[in-house]
Amino acid sequence: KISLLSVARVAACLSSRHMAEDILADLMGSFLIVAPAVFGMIFAYWLFKKVAKISLFRQTREDDEALLRRMERADESGGEADSYQKLRQIYRDIQNGAKAFLAAEYRMCLMFLTVFGFGMIFFVARVEYGWDFKIGVLTAFSFVVGGITSMVAGYIGMMIAVFTNARCTMSATLTPEALAWKESFNSAFRGGAVMGFALSGLGLLVMYFLMCVYLSAFDVGSEAVKLFECIAGFGLGGSAIAMFGRVGGGIYTKAADVGADLAGKVVAGIPEDDPRNPATIADNVGDNVGDVAGMGSDLFGSFAEATCAALVIAAQSHDLVSAGWDTLVFPLYISSVGILVCGAVSFVATDFRPVRNEASIEEVLKTQLALTTLGMTVAMYPVCAMFMPEEFYLGPKTFVSACMDGGVSSKCVTSGPLSAFCCVAAGLWGGLVIGFVTEYYTSHSYKPVREVAQ
């Protein structure tokens with residue numbers, strides 16, 4: 001009896017230990033996703049405050065408050081307070097135009113999300129064994145959440161772009177010239193980083209929160225495919241709104257551009273982008289709409305689509321599902337680690353090796369890309385080693401049953417951590433090389449474009 005009791009206690013202790021290790025691993029995985037996502041949004045806010053410190057009022061020897069009062073009185077009386085009053089007025093006009101466009105576009109987007117989301121309930125609920133409205137409702141809800149998140153990403157990008165435009169102009173007026181190059185580049189760089197970090201952090205946090213909520217509706221062990229197919233609606237919603245942003249914004253900006261040129265250069269005979277031409281405001285609004293708001297939604301859609309696709313593929317593997325939740329959500333680790341690496345490397349371009357003149361802009365940006373790629377490569381290996389199993393089969397069978405009895409297939413993965421790392425590294429360095437090659441053939445700094453110009 002004593003012997004059996006001792007064995008039972010040892011077994012209970014081992015079981016508790018394994019359970020504690022599993023819980024700790026799950027908590028570690030969740031922390032690695034949530035903490036960088038929250039950091040990304042906090043870092044974006046910090047960068048925004050840095051940009052906001054750039055005043056649109058050129059300071060003089062007068063007291064700041066007295067200067068502001070003088071400018072306010074001049075604005076009310078219609079006089080010119082200083083040489084930057086017209087800049088502030090154009091900035092406000094562009095900002096109001098951007099808000100008006102997004103309000104009109106997002107009203108249509110909300111109508112689309114409502115109608116298409118309601119229809120999706122019935123489209124998706126029809127399965128092989130009949131109707132499963134739980135799948136339909138959850139997929140439609142993911143679709144709506146993804147669309148709204150994409151709209152928020154586009155709005156943040158649009159507002160910070162317009163906000164930064166005027167402040168970048170103010171920074172370019174500084175003296176000496178080297179300081180003007182540095183500060184104007186830093187304001188533009190930080191303004192773009194606000195959208196990047198806010199978009200990544202928000203998207204990652206919302207997607208993971210949605211996954212955790214859906215865990216209560218599905219058993220991961222047997223219904224992982226259903227779970228992540230419902231989550232795939234999140235990527236579809238982001239891509240749908242990105243289509244509106246890209247296509248709608250592109251049509252608007254092209255119409256405004258052509259209209260401004262016809263009314264200004266052809267009819268009135270004034271230079272392009274002359275503030276006397278009202279269509280110039282619409283043209284600038286269109287540039288921000290197409291190149292920033294549309295790009296923000298498009299980037300979010302690409303991030304959500306790629307992540308959802310990887311999650312659905314992972315859910316097909318019996319071995320990856322059996323390895324635990326922290327292994328299944330491995331695609332999210334890539335984005336979370338990227339937020340941390342990009343946040344650290346961003347200081348190289350703004351503080352450690354800043355821009356000094358026009359020629360150094362390209363060099364600084366290329367250095368930023370190369371260091372980010374290198375940092376991601378180094379940071380991802382321990383993540384792969386920590387969360388990926390050594391062997392797994394990309395299918396419903398186990399690795400032992402499918403690959404050990406002489407079976408040879410591309411779905412049989414050995415050295416799992418190393419294989420996953422090689423895939424991530426190939427994507428990182430392949431993207432870097434493609435970017436550099438594209439710039440070589442499209443930049444005026446290199447021979448191909450100069451030959452066309454000649």
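## Note on a predicted helical and stranded chain

1. **Overall make-up.** The chain has 14 helices and 4 strands. Both are DSSP runs, numbered from the N terminus: helices are H or I with at least four residues, strands are E with at least two. This is a predicted model, in which local features need pLDDT of at least 70 and side-chain atom pairs count only at pLDDT 80 or more, while totals for chains, interfaces and linings use all residues. Residues are numbered from 1 along each chain as its sequence is written, and side-chain values use heavy atoms, with hydrogens and water left out.

2. **Burial and surface.** The chain has 454 residues, and 43% of them count as buried. Buried means under 20% relative accessible area, exposed means over 50%, and partly exposed lies in between (1.4 Å probe, protein chains only).

3. **Contacts along the chain.** Contact means heavy atoms within 4.5 Å. Take the contacts with a separation of 6 or more: 75% of them join residues 24 or more positions apart.

4. **Helix α7 against helix α10.** Two packed helices are described by the angle between their axes and the distance between the axes. Here the axes of α7 and α10 (residues 330-352) come within 8 Å and cross at roughly 145°. Axes are lines fitted to C-alpha atoms, for helices over the stretch in contact, and angles run from 0 to 180 degrees between N-to-C directions. From α7, Phe303, Thr307, Ala310 and Leu311 meet Pro331, Leu332 and Ser335 of α10. The residues of this contact divide into 5 nonpolar, 2 polar and no charged. Ala, Val, Leu, Ile, Met, Phe, Trp, Tyr, Cys and Pro count as nonpolar, Asp, Glu, Lys and Arg as charged, and the others, Gly among them, as polar.

5. **Asp283.** This residue also belongs to α7 (residues 279-315). Asp283 is buried yet has no salt bridge. A salt bridge needs a side-chain nitrogen of Lys or Arg within 4 Å of a carboxyl oxygen of Asp or Glu. The nearest side chain of opposite charge is Lys254, 8.0 Å away. Lys and Arg count as positive, Asp and Glu as negative; His and the chain ends are not counted. Beyond its neighbours within four places in sequence, Asp283 touches Thr253, Ala256, Asp257, Ala260 and Asp273.

6. **Gly117.** Helix α3 (residues 85-125) holds Gly117. Gly117 counts as buried because its relative accessibility is 5%. Thr139 is 22 residues from Gly117 in sequence, and 8.6 Å from it in space, C-alpha to C-alpha. Leaving aside neighbours within four places, Gly117 is in contact with Phe112, Ala140 and Phe143.

7. **Salt bridges within a helix.** The structure holds 4 salt bridges. One of them joins Lys226 and Glu223 (4.0 Å, N to O). Both lie in helix α6 (residues 220-268), 3 residues apart, about one turn of the helix. Another links Lys366 with Glu362, with the closest N and O atoms 3.1 Å apart. These two lie in helix α11, 4 residues apart, again about one turn.

8. **A salt bridge from loop to helix.** Arg353 and Glu363 pair at 2.3 Å, N to O. Arg353 lies in the loop between α10 and α11 (359-387) and Glu363 in α11, so the pair ties together parts that are 10 residues apart in sequence. Arg353 is partly exposed at 41% relative accessible area, and Glu363 is partly exposed at 40%.
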